[in-house]
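Here are a few friendly notes to read alongside the model. Take them in order, with the structure open beside you.

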Amino acid sequence: MLFLRCLFPFLMVFILGLFPVLSLSLGVSEGRHISLRAGFGVDRELEKLILPMSKADAVDYFLKVESTEFSLPDCAFSILKPYSEISQLLVKERAVFRKAKNVCKQNLKQAYARHFFRSSTRIGLAGRLEIFWHNHFTSSLAKVSHPALIYEQHSTIHRHALGDFRVLLHSMLLDPAMLMYLDNNNNFKDKPNENLARELLELFTLGIGAYTEKDVKEVARALTGMSIDPRYFTPRFYPERHDYGVKTILGESGVFGVDAVVEILLKQEQTARHITRKLWLEFVSTEDDVEIARLSERFYKDWNIRRLVRGILMSKAFWSDAGKMTKSPLELIVGGSRMLPGMVPSKSVPALMRRMGQDLFDPPNV
């Protein structure tokens, strides 16, 4: 009996070693790790909440917390004017209008910055995924120049950040800010513009090396006529601008339009691999080809972003990767403010970020 009592602790250690330590409570370092990677840092309230959880429960908690939407500044509605109206303004009126637009752009950035200073239990993984998709589906307030359109794009990303990638991809190709930023409003059958087509293949879906220049040209033809209404700034298809000829894209031929292009790209397993790899590197510092292949195979079947992110956060690589990634300016500022409340006024965040090389809604040109 004494022998069994002495042996019991060693048996427990051995048994627990046979299973991932996902059923035990988080350690302090693990709680901070997931708070930094799946959110924007830890404060006492969040730490107190998640430390009693297992790793699996903590991951599910971050996945379930809904990110509230921030409010569009009122100025965005007053300056969203058709070009036909702006062209009729007098010189002094145009100067006043441009100044009002620039002020409103800064108001939009400050409103978004304030959004991240809310309670850490309300802004976390969903907010982080919003930033990820903004960097993935790149658009710029500097070029689009309409805060309301950038906000509309943000709202679309906000709704689908942890949802269905198929829906998100379809939505981005009908997004007014995206159509304007990548010049598809100037994509005509007689003179196809390849900007959106190229970024769609290179950045948004397949990645470099998985397509040909011929594919880019054919996708551009398929996207002809997809533009925006100049008065209402809504997506609009112009049949007279569209190329109705047969296109061959990634070996598939037909009379393709926008929706058909998206479905062709979603048939490619490389799209799942490319997105999985990018999301993996958002949370883990080094690539693991075996894990990425396993996760992308499942992602290809359902395009469920939430399930993919959960798989990444439940991996051994994620939990062993603490302290190996560099923080973005946004992570650094927001995370620091949570550890030291009141040190950074939210209104100063956009300016601080710009000084560190990250400008909200104005990413580097692709």
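**Notes on the predicted model**

1. Arginine 294 pairs with glutamate 291 in a salt bridge whose closest N and O atoms are 2.9 Å apart. Glutamate 291 counts as buried, because its relative accessibility is 18%, under the 20% cut-off. Both residues belong to helix α17 (residues 289–302), where 3 residues, or about one helical turn, separate them.

2. Glutamate 194 is worth a visit next. Arginine 198 forms a salt bridge with it, with 3.1 Å between the closest N and O atoms. Lysine 217 also meets glutamate 194 in a salt bridge, again at 3.1 Å from N to O. Lysine 217 sits in helix α14 (residues 213–222) and glutamate 194 in the loop between α12 (176–181) and α13 (195–205), so this pair ties together parts 23 residues apart in sequence.

3. Salt bridges come to 25 in total. One network of them links Lys109, Arg354, Asp359 and Asp362.

4. Valine 255 is in the loop between β4 (252–254) and α15 (258–266), and counts as exposed at 54% relative accessibility.

5. Finally, the whole chain. It has 21 helices and 4 strands, and 49% of its 366 residues count as buried. The C-alpha trace spans about 95 × 55 × 25 Å along its principal axes.

Definitions and conventions: Residues numbered from 1 in each chain as written. Predicted model: local features only at pLDDT ≥ 70, side-chain atom pairs only at ≥ 80, totals over all residues. Heavy atoms only, no water. Helix = DSSP H or I, 4+ residues; strand = E, 2+ residues; numbered from the N terminus. Buried < 20%, exposed > 50% of the residue type's maximum accessible area, 1.4 Å probe, protein only. Salt bridge = Lys/Arg side-chain N within 4 Å of Asp/Glu carboxyl O.
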